[in-house]
Amino acid sequence: MNIFRLAGDMTHLASVLVLLLKIHTIKSCAGVSLKTQELYALVFACRYLDIFTNYVSLYNTTMKLIFLGSSFSIVWYMRYHKVVRRSYDKDQDTFRHYFLVLPCLLLALLINEKFTLKEVMWTFSLYLEAVAILPQLVLLQRTRNIDNLTGQYVFLLGAYRGLYILNWIYRYFTEPHFVHWITWISGLVQTLLYADFFYYYFQSWKNNKKLHLPA
């Protein structure tokens with residue numbers, strides 16, 4: 001554990017809390033992609049297969065339970081809550097997210113560190129997480145009307161991955177034999193997907209204007 005890893009985890013946790021705050025307080029999921037939330041639920045379900053068999057620390061297990069529970073609860077709210085689901089913009093959230101799942105799974109079967117079920121599923125979760133934000137970014141481009149909480153949610157998600165890259169750089173120079181190409185490349189791809197959003201987010205913040213993404 002180092003300051004970059006901790007900051008990354010806390011930023012990731014903050015992104016989830018911001019989204020849950022919007023859903024619970026405003027009873028709205030407007031501007032939020034259900035497709036992205038379903039992909040994240042799949043990411044965490046595959047990544048944490050060892051949650052009850054491989055104990056690392058109380059902190060580690062707690063974070064796993066939080067991300068698993070929150071991701072599936074968000075999907076439930078958006079699909080089944082009688083008030084929240086009415087605000088879901090199904091007509092705009094049309095990204096065919098299942099087209100992302102199969103290529104990521106095939107890639108995980110071909111390129112992994114060890115060909116076991118747990119390792120393949122872990123690698124699959126890395127590949128899928130790298131592109132899971134795509135439906136959300138497409139939805140924001142289509143609606144163009146981005147409220148503050150949704151913008152903050154996406155910003156915090158991107159910041160979390162950026163902090164993790166700093167964590168990997170720090171560990172590379174401080175820990176011997178710390179080389180994980182699959183994790184690094186997946187994380188870099190994921191961060192690059194946020195580049196356009198970050199640009200317009202900082203422009204709106206600098207000019208004190210509402211966030212809009214170009215169509």
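**Figure 1. Glutamate 129 in helix H5 of the predicted model.** Glutamate 129 is part of helix H5. Its relative accessibility is 1%, so glutamate 129 counts as buried. The cut-off for buried is under 20%. The side chain of glutamate 129 makes a polar contact with the side chain of tyrosine 160, at 2.7 Å. Tyr160 is also among the contacts of glutamate 129 beyond four places in sequence.

**Figure 2. Valine 131, another residue of helix H5.** Valine 131 has a relative accessibility of 17% and therefore counts as buried. Beyond four places in sequence, valine 131 touches Leu100, Cys104 and Leu193. How far apart are valine 131 and leucine 193 in sequence and in space? In sequence they are separated by 62 residues. In space, their C-alpha atoms are 7.9 Å apart.

**Figure 3. Where H4 crosses H5.** The two axes come within 8 Å of each other. They cross at roughly 140 degrees. That angle makes H4 oblique to H5. Angles over 145 degrees would count as roughly antiparallel. The crossing is right-handed. On the H4 side, the contact is made by Leu100, Val101, Cys104, Leu105, Leu107, Ala108 and Leu109. On the H5 side, Val120, Met121, Thr123, Phe124, Tyr127, Leu128 and Val131 take part.

**Figure 4. Helix H2, a mostly covered helix.** H2 runs over residues 34-47 and has 14 residues. From its first C-alpha to its last, H2 reaches 20 Å, close to the 20 Å expected at 1.5 Å a residue. At the start of H2, a side-chain oxygen of serine 33 comes to within 3.3 Å of the backbone nitrogen of lysine 35. How many of the residues of H2 are buried? The count is 12 of 14. Among them are Leu34, Leu39, Ala41, Phe44 and Cys46. Which helices do the buried residues of H2 pack against? The partners are H1 (3-26), H3 (58-80), H4 (98-110), H5 (117-131), H6 (134-143) and H7 (148-174).

**Figure 5. Helix H6 and its packing partners.** Pro135, Gln136, Leu137, Leu139 and Leu140 are buried in H6. The buried residues of H6 pack against H2, H4, H5, H7, H8 (181-193) and H9. Arginine 144 follows H6. The phi angle of arginine 144 is positive, near 65 degrees.

**Figure 6. Where H7 meets H9.** H9 spans residues 195-207. The axes of H7 and H9 come within 11 Å. Their crossing angle is roughly 125 degrees. The two helices are therefore oblique to each other. This crossing is left-handed. What residues of H7 meet H9? They are Gly151, Gln152, Val154, Phe155, Gly158 and Ala159. From H9, the residues they meet are Phe197, Phe198, Tyr201 and Phe202.

Methods. Residues are numbered from 1 along each chain as its sequence is written. This is a predicted model: local features need pLDDT of at least 70, side-chain atom pairs count only at pLDDT 80 or more; totals for chains, interfaces and linings use all residues. Side-chain values use heavy atoms; hydrogens and water are left out. Helices (H or I, at least four residues) and strands (E, at least two) are DSSP runs, numbered from the N terminus. The expected span of a helix is 1.5 Å times one less than its number of residues. Buried means under 20% relative accessible area, exposed over 50%, partly exposed in between (1.4 Å probe, protein chains only). Contact means heavy atoms within 4.5 Å. A polar contact is a pair of N or O atoms within 3.5 Å; within protein, one must be able to donate a hydrogen and the other to accept it, and residues adjacent in sequence count only if both atoms are side-chain atoms. Axes are lines fitted to C-alpha atoms, for helices over the stretch in contact, and angles run from 0 to 180 degrees between N-to-C directions. Angles under 35 degrees count as roughly parallel, over 145 as roughly antiparallel, 65 to 115 as roughly perpendicular and the rest as oblique. A crossing is left-handed if the near helix is turned anticlockwise from the far one by less than a right angle, and right-handed if clockwise.
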